[in-house]
Amino acid sequence: MTRCATVALVGRPNAGKSTLLNAILRMHLSIVTNKPQTTRKRVLGIHTEDDSQLIFLDTPGLLAPKYQMQKAMMGYVDESLDAADIICIIVDVKKAFERGTIIDPMWSDAIQKRKSPTILVLNKMDMLGVPKEAMVLMEQARLSGLFQQAIAISAKDNTFVEDLVALLRQLSPEAPFEYDSEIVSDQSERFFVAEFIREAIFKQFSEEIPYAADVMIAEFKEREGGKWYIAADIMVERENQKAILIGAKGGALKQVGEVSRATIEKHLGRPVYLELYVKVRNDWRNDRTQLASLGY
Ligand SMILES: Nc1nc2c(ncn2[C@@H]2O[C@H](COP(=O)(O)OP(=O)(O)OP(=O)(O)O)[C@@H](O)[C@H]2O)c(=O)[nH]1
Ligand SMILES: [Mg+2]
């Protein structure tokens, strides 16, 4: 008999959801940066071991949407919560400790509405000077009755991540596998390539550019015997952002290309020829047609 469960990873921006997914899968699947709102769509990652399959849904960080793109982001969170057999609420333990409470209105209603078992994951334990501080939060979690279990981990240092996986396996219903055991995701290579380019942009630029930019794959040619050819358009909202992204003599864009190409080649396991173009699309974050063409 096999076990299979869909597990939603939900929490505030920057809590470490994508880092956790990567730690569980032992690969760099979902993009991670030190900036909030890195993840914008739902990222599916599959962990199959022995007789159990866990289908993880990494989601955008919870926020009050201010524009259409953020509305779409929160739509992915709702869908993932609806699809989940188990919900993992990821909390930055240090921030929770500073707030003085584990209960967060950003997610408390959403999990109460759903009947799926919910696990509280206190992440970034390595940041707590005194680990005992987490006990107070654990006790609050217990008293709230919102959670089946609570666990303290560090996704970055990979501590107690395996214990979390073991717990999820225990809570999984008996069911056949949904995916072949070798498959890591059902999302396209195009999707991940666009994500890795976005990751490079997030890391290279401060404040404005990462949030004003998105990536669309224009061409993806799998060439036999040669390098695969990938052309991507980077959308920004204004001409001045385009100028910053390209940089003096194209230097900034070249760096984005070099950094993302390395990640893409590692992911695809083959050399690629990557071409990047920057395009201005006025206010695309509020434009439904533009968002649809970007896959939102
Ligand atoms: N110290 C420490 N940092 C962590 C840990 N887990 C994640 N981080 C860092 O926290 C930052 C955000 O991590 P992400 O995994 O992108 O967070 P996220 O919840 O996916 O964020 P969004 O996609 O924006 O919602 C990165 O700089 C990570 O390296 C941890 O256990 N300890
Ligand atoms: Mg993320």
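These notebook entries record what I looked up in a predicted model of a protein.

**Ground rules**

I number residues from 1 along each chain as its sequence is written, and chains are lettered from A and ligands numbered from 1 in the order in which they are written. Since I am working with a predicted model, local features need pLDDT of at least 70 and side-chain atom pairs count only at pLDDT 80 or more, while totals for chains, interfaces and linings use all residues, and side-chain values use heavy atoms, with hydrogens and water left out.

**Entry 1: the whole chain**

I counted eleven helices and nine strands in the protein, taking helices (H or I, at least four residues) and strands (E, at least two) as DSSP runs numbered from the N terminus. Along the principal axes, the C-alpha atoms fill a box of roughly 60 × 45 × 35 Å.

Buried residues make up 52% of the 296, where buried means under 20% relative accessible area, exposed over 50% and partly exposed in between, with a 1.4 Å probe and protein chains only. For contacts, meaning heavy atoms within 4.5 Å, I noted that among those between residues at least 6 apart in sequence, 71% join residues at least 24 apart.

**Entry 2**

Two strands are paired, in my notes, if DSSP finds at least two bridges between them. Strand 7, residues 214–221, pairs with strand 8 in the antiparallel sense over seven bridges, and Ile217 has Ala232 of strand 8 as its bridge partner. The two strands form a hairpin with six residues between them, and Gly225 in the turn has a positive phi of about 80 degrees. Strand 9, residues 272–280, runs parallel to strand 8 and is joined to it by nine bridges; here the bridge partner of Asp233 is Tyr277.

**Entry 3: strand 1 and its partners**

I found strand 1, residues 3–11, to be largely enclosed by the rest of the structure, because eight of its nine residues are buried. Strand 3, residues 52–58, runs parallel to strand 1 with seven bridges, and Ala5 is partnered there by Leu54. Strand 4, residues 86–92, is also parallel to strand 1, over five bridges, with Ala8 standing opposite Ile87.

**Entry 4: two residues in those partner strands**

I looked up Asp92 in strand 4, which counts as buried at 10% relative accessibility. With neighbours within four places in sequence left aside, Asp92 is in contact with Ala15, Asn123 and Lys124.

Ser52 lies in strand 3 and is buried, with a relative accessible area of 2%. Leaving aside neighbours within four places in sequence, I listed Arg3, His47, Arg169 and Phe177 as the contacts of Ser52. I also noted that the C-alpha atoms of Ser52 and Trp107, 55 residues apart along the chain, are separated by 28 Å.
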